[in-house]
Amino acid sequence: MEEIIKTLPQHTCNWLKGKITMYKYQDFWTIKHLLEGGILAQQSFKAEPNDVFLCSAPKTGTTWLKSLAFAIVTREKFDESTTPLLTKFVHECVPFLEKSQVEEHENNRKNLSLPLIATHIPYASLPESVISSNCKIVYIYRNIKDVIVSHYHFLREGLKLPMEDAPFEEAFEEFCQGVSGYGPYWDHVLGYWKASLERPDKILLLKYEDLKSEPKSNVKRLADFIGCPFSVDEEKAGVVDNIIRFCGFENMSNLEVNKTGKRNGSVTENRIYFRKAKDGDWKNYFTNEMKEKIDKLTDEKFNGTGLLLK
Ligand code: PAP
């Protein structure tokens with residue numbers, strides 16, 4: 001592993017006081033321990049046809065998608081007063097491919113019959129078995145400007161750097177150059193988007209903003225797609241509405257585990273995954289020049305796709 005990593009292009013993030021170095025592997029950037037986990041997964045992870053992959057670039061709605069999918073697939077086992085989401089951080093309820101061991105997936109499959117696995121790995125670099133097993137993939141993406149702001153705060157807060165010590169303009173420039181978690185972000189979205197056109201029955205694309213504006217139809221789409229559709233009786237009984245409310249930002253960000261907890265063996269506080277969840281927060285950070293620059297870049301990359309990231 002060290003041998004592979006040594007040969008890769010590196011970038012040290014100056015705006016983070018040099019405390020984070022990213023490595024470029026197979027056309028995407030990430031930090032060392034996630035890269036190691038990703039390479040191990042590429043070498044040894046065996047997907048099964050019933051697995052459901054929850055894929056995303058960082059800060060695009062991963063935590064939300066995981067809670068919704070977890071609540072949907074476990075709804076017969078748990079209700080709102082017994083769900084593990086009450087006491088366990090979402091990212092521990094749904095295993096993360098790059099961080100977990102093969103045994104963890106096997107235990108989850110056996111004990112909870114949980115088919116969910118999350119990853120940030122771009123489509124082209126997924127372990128080969130994810131494609132060959134023909135398992136389902138849900139991909140969430142979000143307005144690039146809000147992703148940039150969310151990404152900025154997440155890295156900064158993870159290192160406990162105050163805003164005055166972490167210049168946003170530099171973070172912005174770096175993101176524009178493609179150096180962001182699993183970036184370039186455009187390529188991440190395009191990879192899953194193209195795959196969804198080729199395999200529409202296996203890959204569902206959801207947009208963060210759509211999930212917000214029309215939660216019910218999108219949550220039902222998600223449930224249908226992952227093979228756990230809501231029955232008419234469930235809908236009448238308010239099960240869909242309850243899942244939307246429970247997994248909503250207001251409720252999740254106020255659960256004790258998400259306010260004060262930390263992940264096992266991690267110094268990162270769970271609360272940094274729940275910041276504002278506001279559409280258009282970028283307006284508080286971007287200058288006109290920044291807006292024009294990112295819009296132009298996005299237009300160039302997405303020309304002809306019909307995808308809207310702005
Ligand atoms: P990750 O990829 O590191 O797991 P991810 O969950 O994708 O992070 O992104 C976090 C963003 O989702 C935060 O956005 P913000 O910085 O603009 O506030 C976070 O607030 C938002 N978020 C977390 N949970 C929810 C939720 N239940 N509903 C809506 N947005 C959420």
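Which atom of C247 lies 2.9 Å from a nitrogen atom of the ligand? A backbone N or O atom does. This is a predicted model: local features need pLDDT of at least 70, side-chain atom pairs count only at pLDDT 80 or more, and totals for chains, interfaces and linings use all residues. Residues are numbered from 1 along each chain as its sequence is written, and side-chain values use heavy atoms, without hydrogens or water.

**Ligand shell**
- The ligand is surrounded by 20 residues (a heavy atom within 4 Å).
- The closest are T62, T63, S150, K276 and A277.
- By class, the shell holds 8 nonpolar, 8 polar and 4 charged residues. Ala, Val, Leu, Ile, Met, Phe, Trp, Tyr, Cys and Pro count as nonpolar, Asp, Glu, Lys and Arg as charged, and the others, Gly among them, as polar.
- Helix α3 (residues 62-73) gives the most to this shell, with 3 residues. Helices are DSSP runs of H or I, at least four residues, numbered from the N terminus.

**Contacts with the ligand**
- K59 places a polar side-chain atom 2.8 Å from a ligand oxygen atom.
- K276 has a polar backbone atom 2.7 Å from an oxygen atom of the ligand.
- Alone, the ligand exposes 640 Å², and the protein buries 97% of that (Shrake-Rupley method, 1.4 Å probe).

**Cysteines**
- The structure holds 0 disulfides (cysteine sulfur pairs within 2.5 Å).
- For C55, the nearest cysteine sulfur is that of C135, 8.4 Å away.
- For C176, the nearest cysteine sulfur belongs to C13, 14 Å away.
- C176 is buried, with a relative accessible area of 10%.

Terms used
A polar contact is a pair of N or O atoms within 3.5 Å; within protein, one must be able to donate a hydrogen and the other to accept it, and residues adjacent in sequence count only if both atoms are side-chain atoms. Helices (H or I, at least four residues) and strands (E, at least two) are DSSP runs, numbered from the N terminus. Buried means under 20% relative accessible area, exposed over 50%, partly exposed in between (1.4 Å probe, protein chains only).
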